[in-house]
Amino acid sequence: MDSHKQLFILLSYSLLLVYLSGLKAEASRHHKHHPSKELFIFGDSYVDAGNTPKSDLGSWKKPYGITFPGKPAGRFSDGRVLSDFIAKYLGLRSPIPHKFKKIVPKNYLMYGMNFAYGGTGVFDTSISGPNMTIQIDSFNQLVQQNVYTQSDIIKSIAYVSVAGNDYSHYLATNGSLQGLPSFIASVVKQTTTNLVHLHSLGFKRIVVGALQPLGCLPSSTAQTSFQSCDNTSNTLVALHNNLLNQSVTKLNQETKDHTTFKILDIFDSFTSVLNNPSRHNIKERLKPCCFGVSSEYYCGSVDENNVKKYLVCENPESTFFWDRSHPSQAGWNAVFNDLKIKSLHQILY
C-alpha cells in the first residue's frame, strides 16, 4: 500500500473517531431499540454534520465544535446544528455523514444518513461539493445497492435544507438585483423538482426548511455594527418563502398517495427568537461569537505563520450566531424550542 493511500485511510479514521466520539456522548439520550423512523438529510451547512473535507471550509478547524463535542467535528457551529436537533426529537442518533458510510459499524446506518454538504445549493455554487440533485442521486445509489429498502424509505423522513447559498453565489458572480426575483423563482422551482424526486424514490414524509431571514445574518448586519437587520434582503426572502409555500401547497393537492410535503418555518422561528432573545437566555442577538479580526478574515482564520486571526466570545451559549452565517448551538436550540411550541409535532409525525 503506497504512502498516500495509507495517509488517506489514517485521516479518514481520525475524522471518523472525532465524529463517533460525539455520537457516544449522545448515546444515553436515545432509544436503544430500532427506531420507528429513519432520517435522511439533504442540503447545506445548516444541517451538515461532517461531510465537508478539512481542506474545503472551516468546520473541521478550531474553534468550531468547542461546545460539542469539544473539538472540530465538521459542523458549522460551536456545537450541534439543526439536523442534530431534529434527530434527537425523533429519538434517533444523528444520521451518519455520507462520507463515513463505508467505515462505520452497520448499526449506525439504521438511523438514516446525512448527505448535506456545506456551501452547496440546489444549483452549483462556488463550493465544489454536490448540489441537491447529486446528493439525492447518492441516496438513490444506496437504494440500488440495497443498503436501504423501500420499507425503510416509506417509514422515513426526508429533510431538505435550502439556506441561501444559491443567492450568495448569484450575487457574488455579478447577478443583478433586477434579475433576483426571477432567480428566486428558479431556485424554488428547482427545489420543488428535488422534492418530487424524493417522492419518486418512495418517501411519504418530506420536509423542507423555509429560508431564514438572510438580512439578519451577521454578514449583513455588520454594515450597521450588528445593530439591525437588512429589510431589503428579508423582503426578497419573503418572496422565496411565499413561492415555496405555494409550490408545496400545490404538491400536496396533486399527490394522492398519502405523501405529505411540509415546510419547517425556520424564518418565523428565527424572527421570533431575534425579536425576544431574553426569553431564550440569548444576550447577543446579531453579533457573532466568532469573527475575524478584520474583514479579510473569518472565524477559524490563521495567517501564514499559523497565528489566529479571529476572536471568540467568552460564552457562546449567550449568543444567537456563532459566525457570520451560522447560528450557535444555543441559537439552534432556541429556534428549535420555538418550533416545538408552534408546529413541530404536526410536521415530523
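**Note on the predicted structure**

1. Of the 349 residues in the protein, 52% are buried (buried means under 20% relative accessible area, exposed over 50%, and partly exposed in between, with a 1.4 Å probe and protein chains only). The model is a predicted one, in which local features need pLDDT of at least 70 and side-chain atom pairs count only at pLDDT 80 or more, while totals for chains, interfaces and linings use all residues. Residues are numbered from 1 along each chain as its sequence is written, and side-chain values use heavy atoms, with hydrogens and water left out.

2. The secondary structure comprises eleven helices and eight strands; helices (H or I, at least four residues) and strands (E, at least two) are DSSP runs, numbered from the N terminus. Among contacts with a separation of 6 or more, 72% are between residues 24 or more positions apart (a contact means heavy atoms within 4.5 Å).

3. An open sheet is built from six strands, with parallel pairing and the order β2-β3-β1-β4-β5-β6. Its edge strands, each pairing on one side only, are β2 (96–97) and β6 (260–264). Two strands are taken to pair if DSSP finds at least two bridges between them. Strands of a sheet pair through backbone hydrogen bonds, either parallel or antiparallel.

4. Strand β4 has neighbours on both sides. It runs parallel to β1, to which four bridges join it, and Ile41 stands opposite Tyr159 of β4. With β5, strand β4 again pairs in the parallel sense over four bridges, and the bridge partner of Val160 in β5 is Val208. Both faces of β4 are covered, with Ile157 and Tyr159 buried on one side and Ala158 and Val160 buried on the other.

5. Strand β5 (residues 205–209) runs parallel to β6 and is joined to it by five bridges. Within this pair, Arg205 has Thr260 of β6 as its bridge partner.

6. Helix α2 (residues 82–89) lies across β1 (39–42), β3 (112–114), β4 (157–160) and β6, and runs at about 165 degrees to β1. Axes here are lines fitted to C-alpha atoms, for helices over the stretch in contact, and angles run from 0 to 180 degrees between N-to-C directions. Asp84 is found in α2 and counts as buried because its relative accessibility is 3%. Leaving out residues up to four places away in sequence, Asp84 touches Arg75 and Ser94. The side chains of Asp84 and Ser94 make a polar contact at 2.5 Å. Such a contact is a pair of N or O atoms within 3.5 Å; within protein, one must be able to donate a hydrogen and the other to accept it, and residues adjacent in sequence count only if both atoms are side-chain atoms.

7. Helix α10 (residues 329–342) has 14 residues and spans 20 Å from its first C-alpha to its last, close to the 20 Å expected at 1.5 Å a residue; the expected span is 1.5 Å times one less than the number of residues. Its buried residues include Trp332, Val335, Phe336 and Leu339. The buried residues of α10 pack against α2, β6, α9 (266–275) and α11 (344–348).

8. Helix α6 (residues 180–200) has 21 residues and reaches 30 Å from its first C-alpha to its last, close to the 30 Å expected at 1.5 Å a residue. Among its buried residues are Phe183, Ile184, Val187 and Val188. Gly202, whose phi is positive, near 120 degrees, follows α6.

9. The axes of α3 (residues 132–144) and α6 come within 10 Å and cross at roughly 5 degrees. The two helices are therefore roughly parallel to each other; angles under 35 degrees count as roughly parallel, over 145 as roughly antiparallel, 65 to 115 as roughly perpendicular and the rest as oblique. Met132, Thr133, Ile136 and Asp137 of α3 make the contact with Gln190, Asn194, His197 and Leu198 of α6.

10. Asp323 is found in the loop between β8 (310–312) and α10, and counts as buried because its relative accessibility is 4%. Aside from neighbours within four places in sequence, Asp323 is in contact with Tyr64, Pro218, Pro288, Cys290 and Cys299. Its side chain makes a polar contact of 2.7 Å with the side chain of Tyr64, and reaches the backbone nitrogen of His326 at 2.8 Å. Asp323 and Phe291, 32 residues apart in sequence, are 6.0 Å apart in space, C-alpha to C-alpha.
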